[in-house]
Amino acid sequence: MSTQILVVDDEKELADVLELYLTNDGYTVHKCHTGADALDCMEHADLDLALLDVMLPDADGFQLCKKIREKSYCPIIMLTARGADGDMIMGLTIGADDYITKPFNPLEVVARVKTQLRRYRLYNGSAPKQDEPAHEYDIRGLVLNRDSHKCFLFGREVQLTPLEFSILWYLCERQGVVVPSEELFEAVWGEKFLKNNNTVMAYAVLLRGRFANGMVALFQNTLGMDYNAALRFYERTFRSHMDAIILLSLLLVAAGLFYFYLRWLTRYFEDISKGLDALLQDVAGEISLPPELLPIERKMNLAKS
């Protein structure tokens with residue numbers, strides 16, 4: 001049966017938007033614009049959650065919340081334009097489970113609806129019990145049904161042999177936990193695991209090939225550590241050393257610039273030194289005055305000659 005959600009808001013446009021988003025997620029929405037209509041709806045519908053506006057034309061949302069609590073323990077989310085702490089405390093005190101201030105993002109409302117429904121079903125025993133054997137797994141688009149012995153990936157059936165199905169089912173039962181090759185072999189094959197047995201690894205390669213077109217990695221081989229945990233460990237390590245890496249990079253760049261600056265400075269002073277040495281050397285004919293600076297007598301002698 002579809003999840004029944006009551007939306008009570010005197011702003012018709014806003015109620016229509018909430019109805020659209022909730023309907024798209026598969027919920028059945030009962031839309032009301034007054035407190036009287038909401039009370040009448042409660043008499044005829046088995047509600048799973050209620051979204052209540054605090055300011056209604058004929059009633060107070062807080063009073064409506066109290067009346068719902070007299071008959072049902074379904075989650076209640078208050079919607080209001082008043083964001084004062086006193087209103088929030090009052091709403092939560094009289095039985096509301098959450099409080100959203102207008103204006104809001106409809107996607108946020110849908111997310112909070114899903115959260116409240118999940119908690120409600122878990123705490124009221126409607127969620128599947130942990131000790132009951134599962135008959136189907138749905139993990140990120142991978143669906144395994146034990147009764148029909150079929151496997152689907154994003155709606156496309158994947159043909160598996162009975163042994164491949166048993167391996168995948170065992171891994172799904174222990175998702176998020178590292179499963180040693182010895183444990184997997186003994187659980188699926190029912191035989192004692194011997195050293196240098198590569199049977200599990202061979203079947204791992206076969207299973208990856210089955211899902212190669214629809215999934216990046218079905219499962220990972222790890223050395224004593226869960227793949228996601230190992231990935232988070234390396235991310236934390238890299239981030240903790242990020243400052244040192246940046247500082248070291250800057251120091252290397254500065255050292256390179258300083259090296260080229262020293263080379264240029266050395267060549268500059270070498271050129272100056274060579275020029276000074278040339279000026280200080282007493283070599284005849286290398287240095288002479290222009291004619292306009294020679295003494296008059298010298299000029300006359302040069303003219304006669």
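## Sheet and aromatic contacts

Five strands, in the order β2-β1-β3-β4-β5, make up an open sheet with parallel pairing. Two strands count as paired if DSSP finds at least two bridges between them; strands are DSSP runs of E of at least two residues, numbered from the N terminus. β2 (28-32) and β5 (98-101) are the edge strands, each pairing on one side only. From one strand to the next the twist averages 15°, with axes taken as lines fitted to C-alpha atoms and angles running from 0 to 180 degrees between N-to-C directions. Strand β1 (residues 4-8) pairs with strand β3 (residues 49-53) in the parallel sense over four bridges.

This is a predicted model, in which local features need pLDDT of at least 70 and side-chain atom pairs count only at pLDDT 80 or more, while totals for chains, interfaces and linings use all residues. Residues are numbered from 1 along each chain as its sequence is written, and side-chain values use heavy atoms, with hydrogens and water left out.

Rings of Phe, Tyr and Trp (its six-membered ring) pair if their centres lie within 6.5 Å; planes under 30 degrees apart count as stacked, over 60 as edge-to-face and the rest as tilted. The count by this rule is seven aromatic pairs, including the two below.

| Pair | Type | Centre to centre | Between planes |
|---|---|---|---|
| F185 and W189 | stacked | 5.0 Å | 15° |
| Y268 and F269 | edge-to-face | 5.5 Å | 75° |

Y261, W264, Y268 and F269 form one aromatic cluster.
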